[in-house]
Amino acid sequence: MDEKNYVDVSSFMLFEATGDSEADSHELNMASGDTSHGMDVEPDYGNDEDDDDAESCIYDLLEIVDGSGFMARSITFENSAPPPKSHQAVALTNNANRSAFYQCVFLGYQDTLLANHNRQFYKDCDIYGSVDFVWGYAKAVFQDCRLYARRIGSDGNVVTAQGKNSPTLDSGFSFQNCKVTVDPNLAMRKSEVSVVLGRPWKDYATVVFMESFLDDIVKPEGWSIKWDNIPKPHIFYAEYNNSGPGANTSGRIKWPGYRVLTSAAEAIPFTVSKFIDGDAWIPETAVFQDCRLYARRIGSDGNMVTAQGKNSPTLDSGFSFQNCKVTVDPNLALRKSEVSVVLGRPWMDYATVVFMESFLDDIVKPEGWSIKWDNIPKPHIFYAEYNNSGPGANTSGRVKWPGYRVLTSAAEAIPFTVSKFIDGDAWIPETAPPINITFNATVAQDGSGDYTTIKAAIDAAPVGSVNRYYIHVKSGVYKDEYVTVGKDKTNIALIGDDAHNTFITGNRSIATGYTNVPETASMTPPINITFNATVAQDGSGDYTTIKAAIDAAPVGSANRYYIHVKEGVYRDEYVTVGKNKINIALIGDGAHNTVITGKRSIATGYTNVPETASMNTLLANHNRQFYKDCDIYGSVDFVWGYAKAMFQDCRLYALRIGSDGNVITAQGKDSPTFDSGFSFQNCKVTVDPELALRKSEVSVILGRPWTDYATVVFMQSFLDDIVKPEGWSISWDNIRKPYIFYAEYNNSGPGANTSGRVKWPGYRVITSAAEASRFTVSKFIDGDAWIPEMGIPYQGGLNA
């Protein structure tokens with residue numbers, strides 16, 4: 001088994017996709033010969049719209065935006081191509097001049113967001129990635145964004161690969177009030193995550209981080225030349241007034257192109273107003289009202305909503321929150337008692353913040369506001385509250401600063417409304433805030449709109465529109481919507497129902513040829529299947545063997561190809577479903593009625609293995625897999641392999657009698673960046689019923705660390721008394737692997753007692769639902785995106 005022979009195996013529902021590339025090089029050419037940033041092709045990308053010539057084709061994208069004036073709000077753009085060496089897997093390519101993204105989420109791994117041309121603005125967005133997850137030739141500002149690193153291990157993460165390739169190209173990235181930290185899903189392994197702010201991909205790469213929070217995952221050197229022979233002398237890398245444990249610049253690289261900005265005058269050229277001339281066009285794209293502010297940090301340090309930057313009495317600046325809600329991140333609902341928040345801290349001397357007519361949850365501290373990071377309260381601040389509601393709105397315990405006040409009349413509050421505070425009546429009607437929007441088109445997957453796909457709505461939009469064209473994208477997961485907004489489609493605005501409900505997602509990447517994750521969108525639920533072929537041993541079907549049916553199946557089928565395998569024992573059917581036979585589905589007449597069996601083993605030259613027993617019964621070898629309500633019999637490593645697999649409501653039967661015992665899993669995750677593991681939920685570990693009378697002679701362990709990063713979780717499962725007290729074994733291993741992840745959560749039965757479990761650093765007992773939920777069907781294998789279309793019942797989350 002340790003030779004890692006990859007064997008195609010058949011099952012009653014089989015998805016065989018192209019295998020993962022094992023290439024490690026980041027610098028890859030496009031498979032089709034099209035340009036990628038790994039090729040160091042240097043087109044003359046300018047900031048003017050006329051020079052907005054995109055690279056001819058980039059096929060690993062979900063969405064390509066070319067039309068100027070594009071705006072997106074409250075939408076998630078996801079490329080779900082898995083991370084193991086997947087190379088480029090872009091979630092969105094933006095070529096549009098004066099384009100803005102507000103409260104959007106960009107999910108990917110390598111090269112998540114290609115900010116490719118012209119002036120761009122990203123506000124209050126979440127960007128997830130591993131290598132160069134913000135890259136391109138644009139001149140872009142990222143404000144109040146969160147950048148989440150997703151890769152574990154010594155290779156680390158890289159935030160930016162900026163593409164300025166000549167001194168005259170008006171290009172660069174500026175990050176202000178952003179946060180660089182670890183993906184929350186990796187919080188338990190934060191110590192294994194590191195990040196650099198950028199690498200000098202092009203000779204004149206320009207990147208500035210200012211007034212941002214840099215977590216302790218940022219390496220002391222800050223920036224990297226890992227993929228470059230020498231540091232580029234003409235780069236411009238700069239930092240200004242950042243905070244957090246990773247913001248110490250004393251250990252930064254000593255390149256001539258790196259500098260620490262020491263004055264506001266040096267930093268101002270990289271603000272929204274100056275860097276991308278934002279005052280001239282951004283007010284047309286963003287509205288702030290009726291917002292929900294979610295606190296995400298657990299513990300005594302608490303959370304802080306605002307750090308407002310008014311630094312002089314003449315600066316026209318401030319924040320006003322109306323009809324908003326301050327509460328806990330829904331993912332932390334079960335730990336709400338451990339979450340606290342203050343409404344703001346006086347970052348600048350004249351900080352101005354008002355909360356009015358808003359709901360303040362009980363996580364708001366009685367004092368309301370904090371000077372935790374400040375020596376003294378600023379006497380000139382203006383902090384105010386008016387007519388708020390909720391358990392956190394009681395102002396009797398608020399701070400006693402001279403600059404804090406409770407507004408008691410509507411006349412006092414009116415200056416902080418949209419109309420008065422930001423002169424909203426003069427410009428917001430042009431952007432139509434959600435309550436007033438008249439949509440030009442509506443996209444709804446259920447047919448209740450004008451179109452069922454985003455592509456169809458954009459294709460139907462007018463050419464060269466001088467007015468904003470609003471497309472309402474209703475709640476739904478828009479899978480594999482590989483949309484292009486052409487240059488002639490100007491002033492398009494995509495408005496979702498919020499980023500948690502409107503998802504644009506796909507799974508393209510270069511390395512996988514775009515088929516790394518099986519396509520299931522066109523699959524008919526089993527109850528309505530029209531079979532393409534039938535196998536029956538009695539001759540009543542199209543074929544008498546499964547092999548013959550698969551051999552006759554079409555090559556490269558874009559649609560699901562259903563083969564009905566009728567009742568029978570198909571003995572010695574050593575079938576391979578080749579990589580060119582995609583979207584094959586084998587449907588039996590029941591697991592107890594349709595049986596594929598053989599007796600090959602390595603040690604015996606394919607002989608002398610009992611038909612119902614084997615070592616290595618199930619090789620879950622690649623990609624995402626789901627096993628529901630299945631029976632799995634075995635002795636040693638009877639579930640093994642490299643896949644990311646979920647087992648739900650399954651029964652695992654131990655077959656071997658004697659002191660050697662049984663081993664359920666040998667999981668094959670062999671690097672920190674490999675997206676792999678096994679999760680068992682609502683399963684049962686017990687003895688083969690035929691050995692019930694000899695149960696006292698049967699023992700089992702849940703797994704052994706076959707590879708260094710083996711990942712296995714048993715949760716909400718029944719563990720019979722055959723499970724040994726230590727639970728896990730290193731019987732075949734010289735040393736315990738320090739990087740394994742073995743975990744148990746809320747199991748039951750006489751074998752579920754964890755007090756005698758192994759004391760390895762990689763073993764843990766999960767104690768919270770929040771942590772355990774990462775290993776559910778919905779989260780662990782993204783099951784909600786593809787399992788429903790199979791007609792297979794499943795449970796997405798934890799047991800109630």
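A salt bridge is a side-chain nitrogen of Lys or Arg within 4 Å of a carboxyl oxygen of Asp or Glu. Searching the whole structure with that rule turns up 28 salt bridges. Before we visit some of them, note that this is a predicted model, in which local features need pLDDT of at least 70, side-chain atom pairs count only at pLDDT 80 or more, and totals for chains, interfaces and linings use all residues. Residues are numbered from 1 along each chain as its sequence is written, and side-chain values use heavy atoms, with hydrogens and water left out.

Let's start with Asp-144, which forms a salt bridge with Lys-123, their closest N and O atoms being 2.4 Å apart. Asp-144 sits in the loop between strand 11 (139-143) and strand 12 (146-149), while Lys-123 belongs to strand 8 (residues 119-123), so the pair ties together parts that are 21 residues apart in sequence. Strands here are DSSP runs (E, at least two residues), numbered from the N terminus. Asp-144 is partly exposed, with a relative accessible area of 24%, whereas Lys-123 is buried at 14%; buried means under 20% relative accessible area, exposed over 50%, and partly exposed in between (1.4 Å probe, protein chains only).

Further along, Asp-720 forms a salt bridge with Lys-695, with the closest N and O atoms 2.9 Å apart. Asp-720 is buried, with a relative accessible area of 8%, and Lys-695 counts as partly exposed at 26% relative accessibility. Elsewhere, salt bridges that share partners join Asp-124, Asp-126 and Arg-146 into one network.

Now for the aromatic rings. Rings of Phe, Tyr and Trp (its six-membered ring) pair if their centres lie within 6.5 Å; planes under 30 degrees apart count as stacked, over 60 as edge-to-face and the rest as tilted. By this rule the count comes to 40 aromatic pairs. Take Trp-640 and Trp-706: their ring centres are 5.8 Å apart and their planes stand at 70°, so the pair is edge-to-face. Trp-640 lies in strand 44 (residues 636-641) and Trp-706 in the loop between strand 50 (700-703) and strand 51 (711-715), so this contact ties together parts that are 66 residues apart in sequence. Both Trp-640 and Trp-706 are buried. Trp-706 also pairs with Tyr-642, with centres 5.4 Å apart and planes at 55°, so that pair is tilted. Tyr-642 is buried as well.

How values were computed:
Helix = DSSP H or I, 4+ residues; strand = E, 2+ residues; numbered from the N terminus.
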